[in-house]
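User: Please take me through the terms used for this model. I want each label set against its cut-off.

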Amino acid sequence: MTIRQPDTLPFTPLVIIGAGRSGTNALRDALTGLPGFATWPCDEINPIWRHGNVDWPNDEIPPKRATPALRQFIRKAFLRIWQQQGRPEFVVEKTCANALRVPFVDAVLPEARYIHIVRNGFDIVASARKRWRGELEVPGLSYYLAKARYAPLSDLPRYAVSALKNRVAIKLGKREHFDSWGPRFAGIDALSGAPLDEVVARQWAACVSSSDSAFANMAPDRVFQVRYEDFTADPQGSLAKITQWLETPHDEDTLRAAVSSVRASSVGKGQAAAEALPDTIKSVLESPMRAHGYLDQE
């Protein structure tokens, strides 16, 4: 199939921005349960976003790295999935590492609209540490094959070797956690000997603070802010507000079906563990948590 030049996209890219374990998957799944919304048949497309920048030391890729060639490459990837998924009105994307490079994303997709989802930092630490330790892994080879399908062939060996080394080291007990999981913020490598909770806390804080800074300089009507706790407490109402913001409202039955799998059972699970966190780690979480109203509730 011939892919047209993507100078003007015939759909709206809807980019979900959120740190790992912030509910980006649940939000994406709810949105793509609605008519007119579609996405990639895999979890994330970080290899597409990093193509041409695989040697950049972290995920904080600056907008000047969005060269015309890379911009065209990524836009064509969006256009291709739009065609494959039946030409929906919205193409949803939720790669968590984009939380560290919103200006880069916006340089590639200036017509995009954004949903910024934030979750309580204490709950993030409790949840993300499990992923760093190799727990909560998605079972089955099909999961990894789906992600590999959309990785540029020239970059695929690098990702495959890195993933294999990480998992083998965990399985053999040579390492307690991955050397890297989720968004790679500037300075993450210097924390290789730091307590895992500190690494996780700094990762979340970097993602939220970077996103907040980027969205502060963007037209307000392009960004919808939602907290994970509010979304899970009233998923149907939250989804209704999002679709109204997008000027594509849906009836109650359609909204109810789209959010049928959303649960609030994980909310607050990190509060008990937070009491045991040292003050140095709590201080890392404090500013972004206060910015989003979490500490004000105490």
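Predicted model: local features only at pLDDT ≥ 70, side-chain atom pairs only at ≥ 80, totals over all residues.

Analyst: Residues are numbered from 1 along each chain as its sequence is written, and side-chain values use heavy atoms, with hydrogens and water left out.

User: How many helices and strands are there in the protein?

Analyst: The protein has 13 helices and five strands. Helices (H or I, at least four residues) and strands (E, at least two) are DSSP runs, numbered from the N terminus.

User: Why are α5 and α8 called oblique to each other?

Analyst: The axes of α5 (residues 121-132) and α8 (residues 196-216) cross at roughly 120 degrees and come within 9 Å. Axes are lines fitted to C-alpha atoms, for helices over the stretch in contact, and angles run from 0 to 180 degrees between N-to-C directions. Under 35 degrees is roughly parallel, over 145 roughly antiparallel, 65 to 115 roughly perpendicular, and the rest oblique. The pair α5 and α8 is therefore oblique.

User: Which residues in α5 and α8 meet?

Analyst: From α5 come Gly121, Ile124, Val125, Ala128, Arg129 and Trp132; from α8 come Leu196, Asp197, Val199, Val200, Ala201, Gln203 and Trp204. Contact means heavy atoms within 4.5 Å. By class, the contact of α5 with α8 has nine nonpolar, two polar and two charged residues. Ala, Val, Leu, Ile, Met, Phe, Trp, Tyr, Cys and Pro count as nonpolar, Asp, Glu, Lys and Arg as charged, and the others, Gly among them, as polar.

User: What makes α8 roughly parallel to α13?

Analyst: The axes of α8 and α13 come within 9 Å and cross at roughly 20 degrees. That angle makes α8 roughly parallel to α13. Here the crossing is left-handed. In α8, the residues that meet α13 include Ala201, Trp204, Ala205 and Val208; their partners in α13 include Ile281, Leu285 and Met289. By class, the contact of α8 with α13 has nine nonpolar, one polar and three charged residues.

User: How do you know that Leu191 counts as buried?

Analyst: Buried means under 20% relative accessible area, exposed over 50%, and partly exposed in between (1.4 Å probe, protein chains only). Leu191 has 15% relative accessibility, so Leu191 counts as buried. Leu191 sits in the loop between α7 (156-171) and α8. Not counting residues up to four places away in sequence, Leu191 touches Phe185, Glu198, Val199 and Arg202.

User: Is His292 buried or exposed?

Analyst: The relative accessible area of His292 is 16%, so His292 is buried. His292 lies in the segment after α13. Leaving out residues up to four places away in sequence, its contacts are His116, Val118, Val208, Asp212, Gln225 and Arg227.

User: What is in the largest nonpolar core?

Analyst: A nonpolar core is a set of buried Ala, Val, Leu, Ile, Met, Phe, Trp, Tyr and Cys residues joined through side-chain atoms within 4.5 Å. The largest has 61 residues; Trp40, Trp49, Phe78 and Trp204 are among those with the most contacts inside it. The largest share of this core, ten residues, comes from α8. Apart from it lies another core, of 24 residues, among them Leu31, Tyr228, Ile242 and Val262.

Definitions and conventions
Left-handed = near helix turned anticlockwise from the far one by under 90°.
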